[in-house]
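The exercises below are to be worked through with the sequence and the model side by side. Each task is followed by a solution that goes step by step.

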Amino acid sequence: MEFSAELAGIASILLNPISLLWILFGTFVGLVFGALPGLSATMGVALVIPFTFTLEPVIAISMLIGVYIGGIAGGAVSAILINIPGTPSSVVTTIDGYPMARKGQAPRALGWAAFASGWGSIVSWLLLITIAPLLAKICTGFGSPEYAALAFFGLSIIAAVSGDSISKGVIAGLVGVSLSFCGIDPIWGNTRFTFGSVNLMGGISTVAALIGLYSIPSILSSCLDKDNRKIDSKDLTIKNIVPPFRDQWKRKVNIIRSSLIGTFIGIIPATGGNIAAFLAYDQAKRFSKEPETFGKGNPDGIIASEASNNGVCGGALIPMLTLGIPGDSVTAVLLGGLMIHGISPGPQLFSENPDFIAGIFTSVFVATIFMVLIQVFGIKIFTKTLNVPVNYLSGILVVLSLVGSFAIRQNFFDVMLTLGFGLIGFFMSKGGFPAAPVVLGLVLGSMFEGEFRRAVKLGGGSPMIFLQRPVALIIILLAIAIIISSAVKSRRGRKKEA
Amino acid sequence: MGDRKTSTAKWYENIVYIICLVFFSIELHEALATKPRAVNGMQSMTFPKVIFGIIIVMCAVKLLMNIIWMIRSGEYGFELLDRRILISLVMIIVYAALWQIIGFGLSSVIFVTIESKLLRNNAPWLHCALVGLGTTVVLYFVFGFLFNVDFPEPILEMIM
């Protein structure tokens, strides 16, 4: 009986052209939202919810999942083509994606991003349909010590994204952490470092920082550039875009590892694609035979970032569907979408509505296929941006960047914040400071501080609590091992150069 | 490692260190001046104080090392930024300020037109103006019409 219900659920998606069209529409909208700086997958899902009111619940949620998967993958398009991450989770994609585009390999970089995103989604989908309830139980048992340890682990990645100078990366990372203190104290609720400004009470907007640090310096530096190498439409053949299966097979370990990292991070509530991407990038670089090519246009960097951030999608759906706990901000909005359609997520959903669950699982797979296809066939349109003369593109990008930062809260303060970050980011790029650690620090800083302080409080004022929690202890030891190995590698590198 | 850096890059590095030193010294002063709030566990300002302290020390040490390197190597040269970058930078700031004075629409058209002409002198004015107008119309449609973003338009508000 249950099996036939599941089959009916699968058929309701696969054999229903209307469902397929809505998923296609959702995925397309998601890709557009992801690709435009300032618009996010969360915003996309939230804005599309009203369109679903008249739809059947399974089709409605399937379409929203399409927006989610497309939104996360779409961030890579602007990250690769114009060095402006469309979403926070595609920050890491800029590190190797943009250098590839500068070398005239934009179609291949976009192809890698599309396929890595697709593989990431597929791996997390496989985990979603097989071990969802078990994984959810393990990860939702995390407390403050484990979260603090995880944030510390994330911060230890700063060394991997620091480029040539670890000390500059550490300073940039600490600046990011310091900026995260701004706003409301996570424990006491009093305001800190707001200098009396109401606009700073909610903290520093990550989007404003992201756009400022990445777009303004990049636009200013490109002022003197000659036009980008024109991409001939003859070069945009499927053969040039789609990475050969042989190459994909060669990179299978990176693809699977990054997808698994993404899925695992996605399962843990209140994390997100950016943390997953940083972690996966670090691991890809660490295990690579040519780590020195990372940051200079190595496809493995794009694969790590995109496979992991899309792996988060399936991972985040696990606690949302099994326990009703959102794994990230997008699934929090998706949860709202479920509620609107009268569906209460939880273990009972699996036993009482197997057809609905089967339909949702199928839609994740279908949306992933659509996402890859739209990207592969849309690359011809996306790469047209590179053919726009630099003098026109610079002005357009400035307007788009400032509009992107303004659109989130419709607050002019965010525009000023973007300009401030842009100016500092420009000096930083000229002085050889990496921007990624600032973003990493800003994203993880408040999480680390809040959870660390909560854990210490839980331990009666003593940090010894971390020694009593095996999972937290293992994560901390791993982070320390990463820091030591990064320092040793950097030292060896300097000795070699000398 | 430092030998390979040009003195210009060192100057920019120093600018970042000085900005950090000034900014985080103010932040540290604020943290030190705030009354402690904790009964059990860490105080509200303990963590920030530690991080600000580390940044200040690191920036001071790196700044000092750069100055010593400059004195020892005798490299003080500073390559000025290209005129177009400087003008673009000033224009971006003026453009943002104009949002509140003449509004988003008009300022965007003017900014894109002048920026396009500035970066390529031989670009026809008409092309530049059309790109400026087109960009503004598209962004107005996407963000203003589809996503209900309310752009500042003081002149329009005054007329209406």
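**Exercise 1.** What does the accessible surface of chain A come to, and what percentage of it belongs to carbon and sulfur atoms?

*Solution.* This is a predicted model, in which local features need pLDDT of at least 70 and side-chain atom pairs count only at pLDDT 80 or more, whereas totals for chains, interfaces and linings use all residues. Residues are numbered from 1 along each chain as its sequence is written, chains are lettered from A and ligands numbered from 1 in the order in which they are written, and side-chain values use heavy atoms, with hydrogens and water left out.

With the Shrake-Rupley method and a 1.4 Å probe, where for residues only the protein chains shown count as cover, the accessible surface of chain A comes to about 18,300 Å², and 68% of that area belongs to carbon and sulfur atoms. Turning to individual residues, where buried means under 20% relative accessible area, exposed over 50% and partly exposed in between (1.4 Å probe, protein chains only), 62% of the 498 residues of chain A count as buried.

**Exercise 2.** How many disulfides does the structure hold over all chains?

*Solution.* A disulfide is counted as a pair of cysteine sulfur atoms within 2.5 Å, and the structure holds 0 of them over all chains. For A:C182, the closest cysteine sulfur is in B:C20, 15 Å away, which is too far for a bond. A:C182 is buried at 10% relative accessibility, and B:C128 is buried as well, with a relative accessible area of 0%.

**Exercise 3.** Is A:F287 buried or exposed?

*Solution.* A:F287 is found in helix α13 (residues 273–287) of chain A. Its relative accessible area is 56%, so A:F287 is exposed. The C-alpha atom of A:F287 is separated by 8.7 Å from that of A:N254, 33 residues apart along the chain.

Terms used:
Helices (H or I, at least four residues) and strands (E, at least two) are DSSP runs, numbered from the N terminus.
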